Amino acid sequence: MPGTSSDLLPHFLLEPQDVYIVKNKPVSLACRATPATQIYFKCNGEWVHQGEHVTQRSTDQGTGLPLMDVRIDISRQQVERIFGLEEYWCQCVAWSSSGTTKSQKAYVRIAYLRKNFEEEPMGREVSIEQEIVLACRPPEGIPPAEVEWLRNEELVDPALDASVYVTPEHSLVVPRARLADTANYTCVAKNMVARRRSSSAAVTVYVDGGWSGWSRWSLCALDCTHWRSRECSEPAPRSGGQDCQGAELETRNCTTELCSHAASGPEDVALYVGLMAVAVCLVLLLLVVVLVCYRKKGGLDPDVADSSILTAGFQPVSSKPAKAGTSHLLTIQPDLSTTTMTYQGSLCSRQDGHSKFQLSNGHLLSPLGAGRHTLHHSSPAAEGLDFVSRFAAQSCFRSLPRGAASMACGTFNFLGGRLLIPNTGISLLIPPDAIPRGKIYEVYLTLHKQEDVRLPLAGCQTLLSPIVSCGPPGVLLTRPAILALRHCVEANAADWSIRLKKQSCEGSWEDVLQVGEEAASGLYYCQLEAQAAYVFTEQLGRFALVGESLSMAAAKRLKILLFAPASCSSLEYSVRVYCLRDTPDVLQEVMQLEKQLGGQLIGAPRVLHFKDSYHNLRLSIHDMPSSLWKSKLLASYQEIPFYHLWSGLQPYLHCTFTLERLSPSTCQLACKIWVWQVEGDGQSFNINFNIAKDTSFSDWPVPESEASCPALVGPSAFKIPFLIRQKIIGSLDTPCARGADWRTLAQKLHLDSHLSFFASKASPTAMILNLWEARHFPSGNLAQLATAVAEVGKQDSALFAVSEAEC
């Protein structure tokens, strides 16, 4: 109509939008316009039939103009009919009395995502600090796929991790590789239809070895030569990196007054040889006199008097020619840099064994003998006390216990070993090569009484383990030692926050690790199991596990024990109820205390789950025959305050029920004792025994000893024979694209939650085997470990041709 204002033409309040058909589900397109008398859809130039429109009419409340909504459905079949000719599109056309208006075009596409990636990431090995670029071109798809990256199945988020970024072409870039970047990387493409994963790319970050500076030249020897050495330790090769190129040891000629005289003429040579011969004869004569005197006085064991024991470590070792095909087994060279004798076996007193150290003629793969070898003519207790006295003057060691029952000590070199405090579940594993070659350390392991060490706790914190020291602090370890501790926590990630605390030499306690996470320093890690914790540490010191409850469901294990006098001559009789931390060291302490008091254990110990509910622990006695006994307890129950038990600072507490016999002839006590937490767990003990019967303390169930000696040195400290261990490490340390490497071994041993920690170390396989040794000594099943390694599928079939009996 001529002269009509353009304002009366229809205008769209809602226009159709691009949509995607997923599988066979139809999609809807909608329009809304005002003022409008009619709205129709046109798709690919053709009008849509009127009957396919869904129309709704209304009035705009603000303007009073007519408002119209129209919707149509589009099926997959409609789109496929023109597939390949052009894209399927639709638009709305709206009429009013003034004319028509067209909406924008909306495209309808069938969504899909193909299966095959156009380019998948490839595994690679890179040197530390180098750039890592992992390319990924996702499969073709509509709409185009979004890409994300996984590292060991965890999402890589560049917004949270500044060490990585993703390019517009979807490549993952690590500008400066770290050891922690060793992992399996997966490219993931996804859209509204599907989610596709690429093959995993194994990335290994290695460190090539570097030489430290040369040592000083040695003194000039009689042969007119001197030497100097260097170590491949700055940095040490890690994760398959190359060893240093060149020689470790350098020698050259030198000249001194003694050397020049020795070389000046045959007469001088004869003179010096004669003098040396005389000196050797005098020394041998003196040794014979001393040995004869000691034998006459009974001062030496006959075996110790045998000079072969004293000189065994310095005799040359000859070997029979190797058989054909076995030359590769003779590749382990002796450590010539160690200046003292290498001891292999247990550090025990001479009373424990009479066999001398002998060279074995067995097969090279057979483990070294576990015989005990005499090091000193003294008992372990005397050695322990002497060891403590040497360290007691230093500030870091002033609280070391003065008794040897709660400590172990030994001398170790690069072969490693193990210290144990029997019947406590406490041990320290020093793996092979943890001590640098050429070094010898005196190491101790100590269990502290809690009254000797002050550990401050705040709020809801509670001590969950014994306080243990291993040292001396400050020694250099090239691989982590593993400290095994028992704990009393019912571990649940939702209920607890557990921390590893370490005390400095100044006496302050610091949180060095949140259990379940990796320490920022990389020096500590903790594997928490149902009853034990295994602490990886590269720095020795004093440690304890401390927990903080996150909910009232958090619970600790208490062990309940009942004791009574072994005999009774008076009318009064007492029953002592102990509530103690459920760790073997406290159980051992209570049993030794009751042994001194002449007590007998009544019934089997029970475990009670003590919750962080602020409720006290109650104890009561019931069902006692009133005609024979009466209780002197005035109240109906006794009570131990909540915080006394929850803090853990007192490892055990006890209550005493004092009873009285109404007749001296009464010898049988029958009653029931209840121990329970208000609104919590409880235990009951049915007591029925003869108080006149003297129960010998030797009849008590004593905890089984972990080992006969507190110190084990060298191969005897390990279940896995040394050569087999080296073969496993050499086979599995190098990542394999098929997964036949240390990561699969960790999965077989249910340790795959610690992959990032293992990957950060020079030899991930060694970390896994060390943890296996710590968890399964001394009763570990080598056959099960062999099966796990065999299932990895990379090592040769003869690797475990050593039976369980031989090992």
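**View 1. Disulfides of the predicted model.** Taking a disulfide as a pair of cysteine sulfur atoms within 2.5 Å, the count comes to five disulfides. The model is predicted, and local features need pLDDT of at least 70, side-chain atom pairs count only at pLDDT 80 or more, and totals for chains, interfaces and linings use all residues. Residues are numbered from 1 along each chain as its sequence is written, and side-chain values use heavy atoms, with hydrogens and water left out.

**View 2. The disulfide of C31 and C92.** The sulfur atoms of C31 and C92 lie 1.6 Å apart in this disulfide, and the link is right-handed, with 90° about the S-S bond. The pair links distant parts of the chain, since C31 belongs to strand 3 and C92 to strand 8 (residues 88–96), 61 residues apart; strands here are DSSP runs (E, at least two residues), numbered from the N terminus. C31 is buried, with a relative accessible area of 1%, and C92 is buried at 0%, where buried means under 20% relative accessible area, exposed over 50% and partly exposed in between (1.4 Å probe, protein chains only).

View 3. Four strands form an open sheet in the order 1-3-7-6, with antiparallel pairing. Strand 1 (11–14) and strand 6 (54–59) stand at the edges and have a single partner strand each, so one side of each is left without a neighbour in the sheet. Strand 1 and strand 3 (residues 27–34) pair in the antiparallel sense over three bridges, the criterion for pairing being that DSSP finds at least two bridges between two strands. Within this pair of strands, F12 stands opposite A33 in strand 3.

**View 4. The disulfide of C136 and C187.** C136 and C187 form a disulfide with their sulfur atoms 1.9 Å apart, and with -75° about the S-S bond the link is left-handed. C136 lies in the loop between strand 13 (132–134) and strand 14 (141–142), whereas C187 lies in strand 19 (residues 183–190), so the pair ties together parts that are 51 residues apart in sequence. Both C136 and C187 are buried.

**View 5. The disulfide of C232 and C244.** The sulfur atoms of C232 and C244 are 2.1 Å apart in this disulfide, whose link is right-handed, with 80° about the S-S bond.

**View 6. C655, with its sulfur too far from another for a bond.** The closest cysteine sulfur to that of C655 is in C579, 6.6 Å away, which is too far for a bond. C655 is buried, with a relative accessible area of 8%.
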